[in-house]
Amino acid sequence: MVKSIDKKSEAWPDHLGWRLSKANRAWQTAFVRAMRAAGHDWMTDARATLLGHVAGRGTAQSVLIERMGISKQAVQQLIDGLEGEDIVRRLPDPRDRRARIVAHTPKGRSALRDADRIKIELEERYRKLLGQEGLAALKSALAALALSTNDDIRGDREG
């Protein structure tokens, strides 16, 4: 019985969500691997995601929690770890004494420069794989999907 269940579980779904997830995972894995090769051993997927939400002049910790869609405690742990690595620091929010702004340190800004370079290199790999037109079509399609909402998609089905 177990073998028949295992055989059935090998057939993964083939739908857009699954393909988007796999492509995102491949991008994240390549990005983290390249960042670590560039000397940023502290980099993980979760830390990369958090850093992507921190604006150049800093971002309120409460905004990071909202943007990331994970628990306050999880964001707190990520910030604590990055602060311990001297990648970000917490500053008082001048508009709210109880709140904190998360900002990049000089070491964090250096990592962001490497991240930008690595992202350009990864995109160039995609350009070689897909061709210029294919990459442009992919970027356009992803932008359109990012702008859509679940309600828009449900509306299309009903119409």
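**View 1. Packing of helix α3 against helix α5.** In this predicted model, helix α3 (residues 45-52) and helix α5 (residues 72-84) pack at an angle of about 95 degrees, and their axes lie 10 Å apart. Since angles of 65 to 115 degrees count as roughly perpendicular, α3 is therefore described as roughly perpendicular to α5. On the α3 side the contact is made by Ala46, Arg47, Leu50 and Leu51, while α5 contributes Val75, Leu78, Ile79, Gly81 and Leu82. By class, the residues of this contact of α3 with α5 comprise seven nonpolar, one polar and one charged.

**View 2. The largest pocket.** The largest pocket has a volume of about 530 Å³, and its lining is made up of 16 residues, among which Ala23, Trp27, Tyr126, Leu138 and Leu142 lie nearest its centre. Helices α2 (16-37) and α6 (106-147) each supply at least two residues of this lining, and α6 gives the most, with ten residues. The lining of the largest pocket divides into eleven nonpolar, one polar and four charged residues.

**View 3. The second largest pocket.** The second largest pocket has a volume of about 270 Å³, and of the 15 residues that line this pocket, Phe31, Ala48, Thr49, Gly52 and Lys119 are the closest to its centre. Two or more residues of the lining come from each of the elements α2, α3 and α6. Sorted by class, the lining of the second largest pocket holds nine nonpolar, four polar and two charged residues.

Key
Residues are numbered from 1 along each chain as its sequence is written. This is a predicted model: local features need pLDDT of at least 70, side-chain atom pairs count only at pLDDT 80 or more; totals for chains, interfaces and linings use all residues. Side-chain values use heavy atoms; hydrogens and water are left out. Axes are lines fitted to C-alpha atoms, for helices over the stretch in contact, and angles run from 0 to 180 degrees between N-to-C directions. Helices (H or I, at least four residues) and strands (E, at least two) are DSSP runs, numbered from the N terminus. Angles under 35 degrees count as roughly parallel, over 145 as roughly antiparallel, 65 to 115 as roughly perpendicular and the rest as oblique. Contact means heavy atoms within 4.5 Å. Ala, Val, Leu, Ile, Met, Phe, Trp, Tyr, Cys and Pro count as nonpolar, Asp, Glu, Lys and Arg as charged, and the others, Gly among them, as polar. On a 1 Å grid over the protein atoms alone, a cavity is a set of points where a 1.4 Å probe fits but cannot get out, and a pocket is an open set with protein on both sides within 12 Å along at least five of seven lines; lining residues have an atom within 4 Å of a point. Grid points are joined across faces, edges and corners, and a volume is the space filled by probe spheres set on the points.
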